[in-house]
Amino acid sequence: MIKAILIFNNHGKPRMIRFYQYFPEDMQQQIIRETFHLVSKRDDNVCNFLEGGSLIGGSDYKLIYRHYATLYFVFCVDSSESELGILDLIQVFVETLDKCFENVCELDLIFHMDKVHYILQEVVMGGMVLETNMNEIVGQVELQNRMEKSEGGLSAAPARAVSAVKNMNLPEMPRDINIKVPSLSPF
Amino acid sequence: MSPSVPLQEMIRAIRSARTQCEERGVIQRECAVIRAQFRQSDNGGRSHNLAKLLYVHMLGYPAHFGQMECVRMIASPRYSEKRVGYLGAMMLLDEKQDASLLITNSIKNDLSHSNQYVQSLALCTLACMGSAEMCRDLAPEIDRLLRASNSYIKKKAALCAVHIVRKVHELGELFAPAARSLLSEKNHGVLHGAVVLITELCERNPETLERFRKTVPDLVQIMKGLVISGYSPEHDVAGISDPFLQVRILRLLRILGRHNETASDAMNDLLAQVATNTDSTKTAGNAVLYETVLTVLDIKSESGLRVLAVNILGRFLLNNDRNIRYIAMISLQKIVGTDHNAVQRHRGTIVDCLKDQDASVKRRALDLSLALVSSSNIRSMMKELLLFLSSCPPELRSQAASGIFNAAERYAPSQRWHIDTILHVLTTAGGDVSDETVPNLIQLITNASELHCYTVQKLYRALLADISQLSLVQVACWCIGEYGDLLIRGECQETESVQVTEDDVLDALETVLQSHMSSPATRGFALTATMKLSTRITENVDRIRSIVSIYGSCIDVELQQRAVEYNALFKKYDHMRAAVLERMPVIEKISMDQTNGVSTGEPIKNIQPAKVKQVEPLLLQQPANQVCDLLDLLGGSEDTLQPGPVASLSINTVNTAGGDLLDLLGGLEPVALTPQAAPTETVYEKDGVTLTLACEKQSDSGLMVTLTASNSSESDISSFTLQAAVPKSVQLHMKAPSGDALPARGAAKVTQMVVLNNPNKVNLKMRIRVSYSSQGSAFQDTVQIDSLPGY
């Protein structure tokens, strides 16, 4: 079972946190700090598995992490998950984010935190791996977003108008229109 | 993506705050606005507010006031609001909050919604934070969804079912038939969910496991399809077709094939095929291979297959990728118990991994090396392990030290080697060893009688070099005290002897006594050692006398007590000094299951330090087993004894240095047990609860009463308390009881001491109130005692 998924940057600021086991808020922040502390000490060419934190789950759990540019993706799992499998899962998740956000960068994660959660919900559910096929995940996310947009309501009206205009197929204006203007008698 | 503009503006504002204080201010303002908007009932931007709140929650600020808003949003008909509401529920609510019950109805409605995305939201939330009641209510719905819906919902329903089974074990029966039928699906997501569900069911319930063994052929078929099939772009990860599903199926096969011949036979071919055909150059391939190896080693596979598996692990160990090496060591750890020889073949590589710079790899290598130590390779392994200890990261030190001690104890080729090893560990990592090391080492030393001279020489030199390692200093002091004459005589065959004079020895001990690095226990050791030397050396007895008398006014109560006693030995009881301080007998090895602190039938005597004449008969009978008991006490007894003033009964502050207790007070047992010499009387007996009372005269007006309670009824008693009242002029002091639980049928007793002081010599009466709770109800009773026995 996956106990927690954390994304934080090189300075330890959380970018997305998801716990699959209940912890009160201060414990959550403590876990983030401790995890950052453990993970940031690691060199770049050592293995991606870490043991030894004491806060989550006791002795059975491991931290499996990957470092991409400025972000750490950390999955906290127990012994029922395959470690190499989780490594691949992190890769799949990041590639999905890339596809959904078009060349994802840290700012995308910051400003669209809720979207990241919705994408994650398609990959991991209740601490268990749900879907690993990237196309399937991206497809489902697209459909859901379209649904949300379609019932945008009043506030989405301007956006809908804009998109309607964009999508409108204007026929090419004929060049040789002779508009016969009726001659009006001068008054 | 539809932008939630207000959310982004807030995020921008937070990010532009330059200090923590500014950020807090921005967030507090935003939270106030959000709270105000929550209170308004109708609001267009509700989803934005909740999203903002969730962002603030992620940064660590309190967000509990959003819980009711989540409940409201979930009930809204609009998809965008539902989405945020469910997300909020998953992040802010859990089964302990009351608000979580309110969403049960919404989830129930949404599970039968026409829109599959709404259904999926409900399933997701239930799987994340569903409480046991919610799961029980909604389980039939989930079962329905498992059977008749599209594959998107089916896979989510399968994982939701796993969560339900985890919360409410009995519902596993409900899902078993549906899980079985899911195995014939084509969609990989559904298959994956089905396999996870079946794994969970089989792990929980052995009967279900039996039933699902019949599915082994189906699973084998599915795996074959995955392995042999050509390139399928849908599920391909680095050339392997859906490695995630393969790994899951292999894990399930492992559970099904364990301890079962027929199932294992059915899998053998498949496993061989997977092991040979999988490409091991990429991580995905390695994941599948690794899982295959674990499965092969866990089921009853044929020997050829096992050899293949161990060889694959060996190849993993030599891989350049550290991840693979780490994984290999984990799996080797799992099989080192059963296939010990196979793993021994790779000992060299594993020992090399001890020197790897990666801390995780080091940790695994340490565990594995300790498991591989055997009598044939003990010397070389120990060399490596000691080398590792001197350079290992601090968090692994204590584990390494205790592992080395265990290994040394089991496979030591000679006593001298054993003592050397322990001394080496103490000098390198003395601060990280466990507390039992000191008595264990002392026991070892006394047993190796021919090595006393060698040991004391080594210890003396180590002490001179470094007095900061606690355990080492304690052992050194004890040995110097015991064998100081051998040290001074200096005629050791095993090592070249150093000329040590009596003054040097006393200097060393005094340094320990005065150093700020010595703990009070260590000082106790040193003082006793100094005292013992008074009979072993000839010239500087006066120096010892002066040291001892200086400490007679020490602030530390324990040291002061010792010094006063030793002074008494010098003055009044000088004729006994030689007998008191003679050599310790050989200490027998303590077995681990001997109960701590319980007397082996020796009557307990009340020891009073001022009356040292009682010490004489005790000391003349120093059987080894009494000393053993004391060592037991050192080894971690939790007997709490009254901390009295110096002149009181207890010299048994046994948690401190055992060294001098072994000397002077060889026959001491904890006074917490009722003295058998004193008369006891049963004063209360009702409902199976029996209270006995024993009295003992302490002094002219002082009396110690011991109340013992036991429970002979069939049910356990908890919160057992006693209260006592005495006539006005009598002073009463109740000590802490030994506990407050009385297990049924007299399995354990509770004792409580009461000290009475009766200066006016009135007739002593006592009223005792007994209160306890048994089987959920509270009981209270009072008993009057008109005369105390033996008084």
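Confidence in chain B is lowest in helix 33 (residues 615–620) of chain B, with a mean of 38, and highest in helix 9 (residues 151–167) of chain B, at 91; pLDDT is the predictor's confidence in each residue, from 0 to 100. The model is predicted: local features need pLDDT of at least 70 and side-chain atom pairs count only at pLDDT 80 or more, while totals for chains, interfaces and linings use all residues. Residues are numbered from 1 along each chain as its sequence is written, chains are lettered from A and ligands numbered from 1 in the order in which they are written, and side-chain values use heavy atoms, with hydrogens and water left out. Helices (H or I, at least four residues) and strands (E, at least two) are DSSP runs numbered from the N terminus.

**Confidence**
- The average pLDDT of chain B is 78, and 85% of its residues score at least 70.
- For the complex, the predictor gives an ipTM of 0.79 and a pTM of 0.67.

**Sheet in chain A**
- An open sheet of five strands has the order 2-1-5-4-3 in chain A, with antiparallel pairing; two strands pair if DSSP finds at least two bridges between them.
- Strand 2 and strand 3 (49–50) of chain A are the edge strands, each pairing on one side only.
- Seven bridges join strand 4 (residues 62–68) and strand 5 (residues 71–77) of chain A in the antiparallel sense, and A:Ile64 has A:Phe75 in strand 5 as its bridge partner.

**Sheet in chain B**
- Three strands of chain B form an open, antiparallel sheet in the order 6-9-10.
- Strand 6 (717–725) and strand 10 (777–785) of chain B are at the edges with a single partner strand each, so one side of each has no neighbour in the sheet.
- From one strand to the next, the twist averages 15 degrees (axes are lines fitted to C-alpha atoms, for helices over the stretch in contact, and angles run from 0 to 180 degrees between N-to-C directions).
- Strand 9 (residues 766–774) of chain B runs antiparallel to strand 10 of chain B and is joined to it by nine bridges; B:Val770 has B:Asp781 as its bridge partner in strand 10.

**Largest pocket**
- On a 1 Å grid over the protein atoms alone, a pocket is an open set of points with protein on both sides within 12 Å along at least five of seven lines, a cavity is a set where a 1.4 Å probe fits but cannot get out, and lining residues have an atom within 4 Å of a point.
- The largest pocket has a volume of about 1100 Å³, a volume being the space filled by probe spheres set on the points, with grid points joined across faces, edges and corners.
- Its lining has 49 residues, and A:Met1, A:Tyr20, A:Gly126, B:His163 and B:Arg166 are the closest to its centre.
- Helix 11 of chain B gives the most to this lining, with six residues.
- The lining has 20 nonpolar, 12 polar and 17 charged residues (Ala, Val, Leu, Ile, Met, Phe, Trp, Tyr, Cys and Pro count as nonpolar, Asp, Glu, Lys and Arg as charged, and the others, Gly among them, as polar).

**Cavities**
- Helix 14 of chain B supplies the largest share of the lining of the largest cavity, five residues.
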